[in-house]
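Morning, everyone. Please bring up the sequence and the model, and we will walk through them together.

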Amino acid sequence: MAVSFSAVVAVITVLWVIGRVIIALLSKKIVYKRELQLLLIYMCIIGLTRLTFFPFHLVNGKIQPMTVTFSEYRFNLAPLVHLFDYTARSDLLLNVIGNCVMFIPIGFILPIVYKELNRFYKVLLTGFLLSFSIEITQLIFTDRMCDVDDLILNTVGCFIGYGVYCIVVTLTKSEKSRTNN
């Protein structure tokens, strides 16, 4: 069975809107600043979906569909053993850097949007669990592979994103204290 990117985006969007409407009705108010923050999470979900489930190569400028199968499972459970099994250095760099970079926004945005995730271990655990759920879900897709190396690299990316968040918070606080003095 083939599933298109636009169909997945449509389902995610419909579920997102229904969820946000239900929450607005239950709370009887809409906080626009909060909705804009949550929109960052929505954009991360769409971006991660594109990068983790759909083939990278475009055909005639279009994203190719993902193929679902329940017969062949591909996975690597040996950490860092197959990480360097690339014939081209560019493929290795794309894998290592790409897996880190795509999770940097998660590490940066989570503590902004969810104040209770303002600790290193909470952000790292959330990033790890998000990456883990993606890796497990990839088991059913023909063109994808569940890989412990991706889990490690995604978590490193989340760590980097949280580090950037901490730097920005520190710089913002020191700037505020300088302007107040």
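This is a predicted model: local features need pLDDT of at least 70, side-chain atom pairs count only at pLDDT 80 or more; totals for chains, interfaces and linings use all residues.

Let's start with helix α5, residues 120-137. It has 18 residues, and at 1.5 Å a residue these should span 26 Å.

Which residues of α5 are buried? They are Val 123, Gly 127, Ser 131, Ile 134 and Glu 135. Around the axis they cover an arc of only 105°, so they lie on the same side of α5.

And what covers them? The cover includes α2 (32-53), α4 (104-113), β6 (146-147) and α6 (148-180).

Now take α4. Its buried residues are Ile 106, Gly 107, Ile 109, Leu 110, Pro 111 and Val 113. Their cover includes α2, α5 and α6.

Next, the whole protein. How many helices and strands does it have? There are 6 helices and 6 strands. Along the sequence, the pattern reads β-α-α-β-β-β-β-α-α-α-β-α. The C-alpha trace spans about 60 × 40 × 30 Å along its principal axes.

On to contacts. Take those with a separation of 6 or more: 76% of them join residues 24 or more positions apart.

Now burial and surface. Of the 181 residues, 33% are buried. The protein exposes about 11,500 Å², and carbon and sulfur atoms supply 71% of that.

Last, charges. There are 16 positive and 11 negative ones. Their mean positions are 17 Å apart.

Technical notes. Residues are numbered from 1 along each chain as its sequence is written. Side-chain values use heavy atoms; hydrogens and water are left out. Helices (H or I, at least four residues) and strands (E, at least two) are DSSP runs, numbered from the N terminus. The expected span of a helix is 1.5 Å times one less than its number of residues. Buried means under 20% relative accessible area, exposed over 50%, partly exposed in between (1.4 Å probe, protein chains only). The arc is that of the directions from the helix axis to the C-beta atoms. Contact means heavy atoms within 4.5 Å. Accessible areas come from the Shrake-Rupley method with a 1.4 Å probe; for residues, only the protein chains shown count as cover. Lys and Arg count as positive and Asp and Glu as negative; His and the chain ends are not counted. The place of a charge is taken as NZ of Lys, CZ of Arg, CG of Asp or CD of Glu.
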